[in-house]
Amino acid sequence: MTFSQHFSIAHSRISVAVALATMAGVTHAEPTHRTDQVVVTAARRAQSVDETLAPVTIINREEIERSQAMTVVEILNQSAPGVQISSSGGPGASSGVYLRGTRTAQTLILMDGQRINTASSGSAPLEYIDPDIIERIEVVRGPRSTLYGADAVGGVINIITRQGAGTPSLTLKAGGGSRKTGEYGVNLNGESDGTRYNVGARLLETKGYDRTLDKTSATDTNSDDDTFRNKTVSASLSRYFANGVEAGMNLVYFTGKSEYDNIYSSTALPESHFKETIANVYLSKTINDVWDTKVEAGLVDDSRKDVDGNEANHINNQLLSISWLNDVVWTNNQLLTAGVDFTSETVNSNIIYAINKRSNTALYAQNLTMLASGDLQLNGRYDHSDAFGGHLTGGASWGFDLPADLRLIATYSTAFRAPTFTDMYLQSSFSAPNPDLKPEFSRYAELELRGIIGKQTNWSINVYQNDMDDMLNTVQNTSGKWHTVNIDRARIRGVEFELYTRLAGIDLNTNLSFVDPENRSGIDAGKKLHYRAQQLFALNVDKNIGCWSLGGTFRTQGKTWTDPGNTAQIPGYGTVDLRGSFNLTNTLKTQLKATNLFDKHYQPVVGYRGEPRGIFATVIWSSEL
């Protein structure tokens, strides 16, 4: 489908609300038709993958179920190019995302379009999110501050929860396996008289394993297994009305406990108690033939209590957001997306923050022009924070349609990352606040070439460079306290290749990334940014054979330096996972998977071991009501 066809559809009163409804109800696309899948993150509006002017990877519901993953971390680690997961253990372990060589706080994490990065540290609770609540994950690589504001320097990961569709159905799930792991879930999904609903609940618990490499003594408490328990409840409800209005809400709540190891101490049994609520409501309407509008509001409440021996620290992050989004077709070949964003962040803790509340207001606009030779997209956004003042970002993308189903896309944009509350306001016996910090600033350029070969193959290759100034780094001041300052510069270059194809009935999904992350300032100028792997490769292979489905994932990661001076490193490694399922009846199926099949010993983070071999089995019953 050409862009002109997409554009004529949009011009014929296919509103964002209708597009979203269609997206939830369509049959999941096979890899051979991935360019027809709908994506909402790249442009903050519904569009097909081939219409986007950004590199996007969609992990749909079918692929999530086929992977048999227990956590979002596991899904991201094997499915998206340029994504490196840094995790200090198995399920429930603290996990970060390095997207295209940027750090966790430089990647914006969304759930249903609402940011879930915490204000205190900039991290997101990926390790706690249940894959059973997810309809799909959209990974947009490359800066998106022109649409989303702060923190989208490396890209955006949008986790979109399940929406009701079709005949009501009930699904029950029970499974278990290695390390005394148990998983139990229930989900109700359907649509009735224009009202869509989805309600689910899950319990995941595992004894875990000893995450640290040290064995210092018989009394070393780090040698214990680290258990994890997580209870999740989710719900969504939406309805279309005859006057062109859609109203809806989404709610996710999870709570539990995660034990962990502290490599700097062997005398305590640390554990983290967590509780998270993510909720949003929205109202959208088609005003007329050329104007769609949407208003949404959200609340994220993140509470954690870390207990380490006799010491207990608690922290609560709250984020309130309100957005107004508009799509206007103002001539036959011009589509304007514009809106207003407001966020208010609050941090409460027994640790002292000089200031514990801040807000940000932003105006943004994106104009898409259809030209004879391709598409031109211009972006601009102005953010004003009461913490660090105003910030302007902008960008342009130009897509050229070439012969033989090829498309070349050139992009230039700017982005920024806001300092966290910890960076600016934390004061303690060992740290000092720095309220004068400026945001990090990024200048980014990229070339992407996409191709379609027949009905069997989609591929893309990307070359990019990200130059960053005023990067935040923690140093000691004259009083010996640690504080954050703007001193660093860095340049990240990279090449990515992604391929989806089908050969002899076998679905192949593979990606390869080369990253060159270089420090450009201070005594470590010319050194590689630490904890960034310079090579990433993943291959997913799946095939359906009658009632059987068989598949596997092979993933490798190159070596990573563990210090700014590049004096120590973690070796590279590769792991193999196998999976299979069998449909016993039309309503009952079994699943079996083996993770780290060859029990590879590796370190994802210095001092911590990767997850050992595990065998897990699941039974799933699902039936229409």
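A cavity is a set of points, on a 1 Å grid over the protein atoms alone, where a 1.4 Å probe fits but cannot get out. This structure holds 14 cavities of 30 Å³ or more. It is a predicted model, in which local features need pLDDT of at least 70 and side-chain atom pairs count only at pLDDT 80 or more, while totals for chains, interfaces and linings use all residues. Residues are numbered from 1 along each chain as its sequence is written, and side-chain values use heavy atoms, with hydrogens and water left out.

**Nonpolar cores**

- A nonpolar core is a set of buried Ala, Val, Leu, Ile, Met, Phe, Trp, Tyr and Cys residues joined through side-chain atoms within 4.5 Å; buried means under 20% relative accessible area (1.4 Å probe, protein chains only).
- The largest such core has 35 residues, of which Leu 76, Leu 126, Ile 129, Ile 137 and Ile 159 touch the most other members.
- Helix 4 (72–79) gives this core its largest share, four residues; helices are DSSP runs of H or I with at least four residues, numbered from the N terminus.
- Ile 137 is in contact (heavy atoms within 4.5 Å) with residues including Ile 58, Val 72, Leu 76 and Ile 157, leaving aside those up to four places away in sequence.
- A second, separate core of 15 residues includes Tyr 353, Phe 416, Tyr 425 and Leu 472.

**Second largest cavity**

- The second largest cavity holds about 540 Å³ of space, a volume being the space filled by probe spheres set on the points.
- Its lining (residues with an atom within 4 Å of a point) comprises 30 residues, with Val 73, Glu 74, Asn 77, Tyr 602 and Glu 611 nearest the centre.
- Helix 4 supplies the largest share of this lining, four residues.

Terms used
Buried means under 20% relative accessible area, exposed over 50%, partly exposed in between (1.4 Å probe, protein chains only). Helices (H or I, at least four residues) and strands (E, at least two) are DSSP runs, numbered from the N terminus. On a 1 Å grid over the protein atoms alone, a cavity is a set of points where a 1.4 Å probe fits but cannot get out, and a pocket is an open set with protein on both sides within 12 Å along at least five of seven lines; lining residues have an atom within 4 Å of a point.
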